[in-house]
Amino acid sequence: MRRGGSRAAVLAAVTSCGHSRKHGLRRAVNVNVYTFNPIADSRWPDFVRRHARSSVFHTRGWLDALQRTYGYRPVACTTSAPGERLDNAIVFSEVRSWLTGRNWSPCPFADHCEPLVDEPIDRAAIGAELERAVKARRWRSVELRPLTSRFGESGRAGQADSFCFHCLDLRPSLDDLFGRFHRDSIQRKIRRSAREGLEFDAGASEAHLQKFYGLLLLTRRRHRLPPQPIEWFRNLVSCMGARLQICLALKDGRAIAAVVLLRHEDTAVVHTAPPMRASTILVGCRSSSGTSFSTPGTMAPAGWIWGARISTTPG
């Protein structure tokens, strides 16, 4: 990969074959692929705002928090030349590890990170360059975490895992939403929380963070997993600003459940829900969470990867 300054053409030309309807002849189309830093590129915020499939995991706030906490450098691939309107991109974080080597990951800790590429010729060009980079051993692997399998259908990548993605439409009234919940596992617990006098609180202060993180430590210990450092959440609070809220369920002033809500346009995403039982919080947050809601602990339906050994997990 050739680099020249902050934006570099990573591919001189990708040749794609098409057909002329008039003459029935094959013609070559050259598509350049460029890399850039989405935090530094002034085109990125507007591109993320106007693309229909963008998410909070594409935003500068999320990418900046990753870089501040873990040193993961964000990099995006596009066929839009420097200085031109940005029409497509796939964003990654460059992860360097003594254990796994040098990899391009689609925003670590993100539930999903859709490739924002609409045209087949652009997908083919970027996919070919990613494949070429892995074969040349510039990276050990390149991973995608899309909500659809569109990008992986080219055959260049293999499916590594599959997951379920849960999305709740928040446009109906609270009564309608409540009526659609399972009577035993959800409705009964919400009624019980009201009887026991649970309170809801939301904010982004250090006090909110400490209560959330205390529950996170308990949960990770129970699952025998190391917790994320508290600096990760502090950096998220700092970088996301008003788009982040820590929601707490309180019993006699003590936090018993918590989630971090991340906002992007009209969608709210749950990031790390320690007790994983947040029915009361889900309803309590409705008034500030937009028109759709992604539930905790979910990932994309499929993960596509170049350069790594593939294993298939039932979805």
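This is a predicted model: local features need pLDDT of at least 70, side-chain atom pairs count only at pLDDT 80 or more; totals for chains, interfaces and linings use all residues.

Trainee: How many aromatic pairs does a search of the whole structure find?

Mentor: The search finds ten. One of them is W44 with F47.

Trainee: What's the geometry of W44 and F47?

Mentor: Tilted. The centres are 5.5 Å apart, and the planes make 45 degrees.

Trainee: Where do W44 and F47 sit in the fold?

Mentor: Both are in helix α1, residues 44-50. They are three residues apart, so about one helical turn separates them.

Trainee: Is W44 buried or exposed?

Mentor: W44 is buried, at 1% relative accessibility. F47 is buried too, with a relative accessible area of 1%.

Trainee: And the pair Y70 and W232, what are its numbers?

Mentor: The ring centres lie 5.9 Å apart and the planes are at 50 degrees, so that pair counts as tilted.

Trainee: Which helices do Y70 and W232 lie in?

Mentor: Y70 is in helix α2, residues 60-70, and W232 is in helix α7, residues 230-240. The pair therefore ties together parts that are 162 residues apart in sequence.

Trainee: How accessible are the two partners?

Mentor: Y70 is partly exposed, with a relative accessible area of 25%. W232 is buried, at 0%.

Trainee: Which residues do ring pairs link into a cluster?

Mentor: Y70 and W232 belong to it, along with F57, W62, Y72 and F109.

Trainee: Switching topic. Which ring does the charged end of R43 sit over?

Mentor: The ring of F36. The distance to the ring centre is 5.5 Å.

Trainee: Now the packing. How many residues has the largest nonpolar core?

Mentor: It has 41. Those with the most contacts inside it are W44, W62, C107, F212, F233, L236 and L244.

Trainee: Which elements give two or more residues to this core?

Mentor: The helices are α1, α2, α6 (206-222) and α7. The strands are β4 (90-97), β10 (244-251) and β11 (254-264). The largest share, seven residues, comes from α7.

Trainee: What does L244 touch, leaving out residues up to four places away in sequence?

Mentor: L244 touches A204, L236, V237, V260, L261 and L262.

Trainee: How many residues are in the second, separate core?

Mentor: That core has 14 residues, including V31, F92, L130 and V134.

Conventions
Residues are numbered from 1 along each chain as its sequence is written. Side-chain values use heavy atoms; hydrogens and water are left out. Rings of Phe, Tyr and Trp (its six-membered ring) pair if their centres lie within 6.5 Å; planes under 30 degrees apart count as stacked, over 60 as edge-to-face and the rest as tilted. Helices (H or I, at least four residues) and strands (E, at least two) are DSSP runs, numbered from the N terminus. Buried means under 20% relative accessible area, exposed over 50%, partly exposed in between (1.4 Å probe, protein chains only). A charge sits over a ring if NZ of Lys or CZ of Arg is within 6 Å of the ring centre and within 35 degrees of the ring normal. A nonpolar core is a set of buried Ala, Val, Leu, Ile, Met, Phe, Trp, Tyr and Cys residues joined through side-chain atoms within 4.5 Å. Contact means heavy atoms within 4.5 Å.
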